Amino acid sequence: FPDAPELPQAMDKSNHHDTIAMTPPSQPQERISLTCRALSGARYTLLHLKGDEKLATLTAAFSEPDRIF
């Protein structure tokens, strides 16, 4: 949820929680997400994308891995 105000906290590697409540303005209800800590500790990671716009975002992210989108 890139527009969620909680995104920096979710991506903070020092955050010791595995999940976080997210309140993205683009969504009608609160969401729950895994934190960076939980995702980086997973034995298997799968990313499901649907749509050309999301694929373009992923392609851009891979082309500039040090940039925060």
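Helices and strands are DSSP runs, helices of at least four residues and strands of at least two, numbered from the N terminus. The legends below describe a predicted model.

**Figure 1. The segment before H1 at Ala 4.** Ala 4 lies in the segment before H1. Its relative accessible area is 5%, which is under the 20% limit, so Ala 4 counts as buried. Beyond residues up to four places away in sequence, Ala 4 touches Met 22, Thr 23, Pro 24 and Pro 25. For one of these, Pro 24, the C-alpha atom is 3.9 Å from that of Ala 4, although the two residues are 20 apart in sequence.

**Figure 2. Glu 6, a buried residue with no salt bridge.** Glu 6 also belongs to the segment before H1. Glu 6 is buried, and the nearest side chain of opposite charge, that of Arg 31, is 11 Å away. A salt bridge requires a side-chain nitrogen of Lys or Arg within 4 Å of a carboxyl oxygen of Asp or Glu, and Glu 6 has none. With residues up to four places away in sequence set aside, Glu 6 touches Ile 20, Ala 21, Met 22 and Thr 23.

Figure 3. Ile 20 sits in strand S1. Ile 20 counts as buried because its relative accessibility is 9%. The C-alpha atom of Cys 36, 16 residues from Ile 20 along the chain, is 10 Å from that of Ile 20.

**Figure 4. The salt bridge between Arg 37 and Asp 18.** Side chains of opposite charge can pair when their charged atoms come close. The structure holds one salt bridge. In this pair, the side chains of Arg 37 and Asp 18 meet at 2.4 Å, N to O. The bridge links distant parts of the chain, 19 residues apart: Arg 37 is in helix H2, and Asp 18 is in the loop between helix H1 (7-11) and strand S1 (19-22). Arg 37 has a relative accessibility of 39% and therefore counts as partly exposed. Asp 18, at 40% relative accessibility, is likewise partly exposed.

**Figure 5. A nonpolar surface patch at Leu 47, Leu 49 and Leu 55.** These three leucines form a nonpolar patch on the surface, and their accessible area together is about 270 Å². Leu 47 is placed in the loop between helix H2 (36-40) and helix H3 (52-63). Exposed means over 50% relative accessible area, so Leu 47, with 58% relative accessibility, counts as exposed.

**Figure 6. The whole chain, for orientation.** The chain contains three helices and two strands, in the order α-β-β-α-α from the N terminus. Its C-alpha atoms fill a box of roughly 30 × 30 × 20 Å along the principal axes. Of the 69 residues in the chain, 14% are buried. Among contacts between residues at least 6 apart in sequence, 12% join residues at least 24 apart. The accessible surface of the chain is about 5,900 Å², and carbon and sulfur atoms account for 57% of this surface. The chain carries 7 positive and 9 negative charges, whose mean positions are 7 Å apart.

Technical notes. Residues numbered from 1 in each chain as written. Predicted model: local features only at pLDDT ≥ 70, side-chain atom pairs only at ≥ 80, totals over all residues. Heavy atoms only, no water. Buried < 20%, exposed > 50% of the residue type's maximum accessible area, 1.4 Å probe, protein only. Contact = heavy atoms within 4.5 Å. Areas by Shrake-Rupley, 256 points an atom, 1.4 Å probe, with all protein chains shown as cover. Lys, Arg positive; Asp, Glu negative; His and termini not counted. Charge placed at Lys NZ, Arg CZ, Asp CG, Glu CD. Patch = residues over 30% accessible without salt bridge, like charges linked within 9 Å, V, L, I, M, F, W, Y side chains within 5 Å.
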